[in-house]
Amino acid sequence: MEKLYIGNVCISSVFVRESHFKDYRYAAYKAASDLGYHVYRNPETPGSTQEKFEKFLEQKRPIFVLLIGTSESEMVVEECHKALSLGLPIITLLHKTTSGKIPESTKKFMRSISKMTFEKACSTFTDCEDLYGAVQQRLVDYENERKICTASFVPQHPQIYAKSNDIINHAKKRIILCQKTSSLILGPRKGVSYET
């Protein structure tokens, strides 16, 4: 039986200096593909290059799974900045030591990439089994959240400002939208038929 295709996921580049990270990347790949995602890993995906990986980010707009250990990597920093600039959803997973703590070097590296992501949207893992479950749970949570995010129309003008303020305060990325008239926020002007 063929799997249902849900969407695209990519996994940040490998930390060759860290033990077990190739296994961790495979566990993350397996967790996403078992749910029905097409997963791109660089360099494990056949024929992969850094250029193809970046094109995949731009063209497919995948969910970006970021695995962070104790070693810093310029390549991972570049990929994260690319994902942030494209507004991609980022699932961050931090490797904990066997004592159950996140090393200071990991915290420092994560803050250098994105302090906001580190403070608000990180999960942790200690081994492959832990990582598999965390990736699946975060992907399911993301899809559930995406399904319930629908447009909210408030016909009473005073409530629009309260709703807009609430949306802006809970946004992960802020976008300023400008237009010639205020019809979206205030409603159409009297006698202007195209705004109505």
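Colleague: Which strands pair here, and in which sense?

Modeller: Strand S1 (residues 8-11) pairs with S2 in the parallel sense, over four bridges. Keep in mind that this is a predicted model.

Colleague: What makes S1 and S2 a pair?

Modeller: Pairing needs at least two bridges. S1 and S2 have four, so they count as paired. Arg41 in S2 is the bridge partner of Ile11.

Colleague: What is the strand order in the open sheet?

Modeller: The order is S2-S1-S3-S4-S5, with parallel pairing. On average, neighbouring strands of this sheet are turned by 25° against each other, direction ignored.

Colleague: Why is one side of S2 and of S5 left without a neighbour in the sheet?

Modeller: Strand S2 (38-41) and S5 stand at the edges and each has a single partner strand, so one side of each has no neighbour in the sheet.

Colleague: Which strands does H1 lie across?

Modeller: H1 lies across S1, S2, strand S3 (63-68), strand S4 (90-95) and S5. H1 runs at about 160° to S2. Helix H3 (residues 74-86) packs on the sheet too, touching S3 and S4.

Colleague: Why is Tyr29 called partly exposed?

Modeller: Its relative accessibility is 26%. Buried means under 20% and exposed means over 50%, so Tyr29 falls in between. Tyr29 sits in helix H1 (residues 21-35).

Colleague: What does Tyr29 touch, beyond residues up to four places away in sequence?

Modeller: Tyr29 touches Ile11, Val39 and Arg41.

Colleague: How do you know that Arg41 lies over the face of Tyr29?

Modeller: Arg41 is at 4.4 Å from the ring centre.

Colleague: Why is the pair of Phe21 and Tyr24 called edge-to-face?

Modeller: There are five aromatic pairs by this rule. The ring centres of Phe21 and Tyr24 are 5.3 Å apart, and the planes stand at 80°. Centres must lie within 6.5 Å and planes over 60 degrees apart, so the pair is edge-to-face.

Colleague: Are Phe21 and Tyr24 buried or exposed?

Modeller: Phe21 has 1% relative accessibility, and Tyr24 has 6%. Buried means under 20%, so both qualify.

Colleague: What makes the pair of Tyr24 and Phe125 a tie between parts 101 residues apart in sequence?

Modeller: Tyr24 lies in helix H1 and Phe125 in strand S5 (residues 122-125), so their pair ties those parts together. Phe21, Tyr24 and Phe125 form one aromatic cluster.

Methods. Residues are numbered from 1 along each chain as its sequence is written. This is a predicted model: local features need pLDDT of at least 70, side-chain atom pairs count only at pLDDT 80 or more; totals for chains, interfaces and linings use all residues. Side-chain values use heavy atoms; hydrogens and water are left out. Helices (H or I, at least four residues) and strands (E, at least two) are DSSP runs, numbered from the N terminus. Buried means under 20% relative accessible area, exposed over 50%, partly exposed in between (1.4 Å probe, protein chains only). Contact means heavy atoms within 4.5 Å. Rings of Phe, Tyr and Trp (its six-membered ring) pair if their centres lie within 6.5 Å; planes under 30 degrees apart count as stacked, over 60 as edge-to-face and the rest as tilted. A charge sits over a ring if NZ of Lys or CZ of Arg is within 6 Å of the ring centre and within 35 degrees of the ring normal. Axes are lines fitted to C-alpha atoms, for helices over the stretch in contact, and angles run from 0 to 180 degrees between N-to-C directions.
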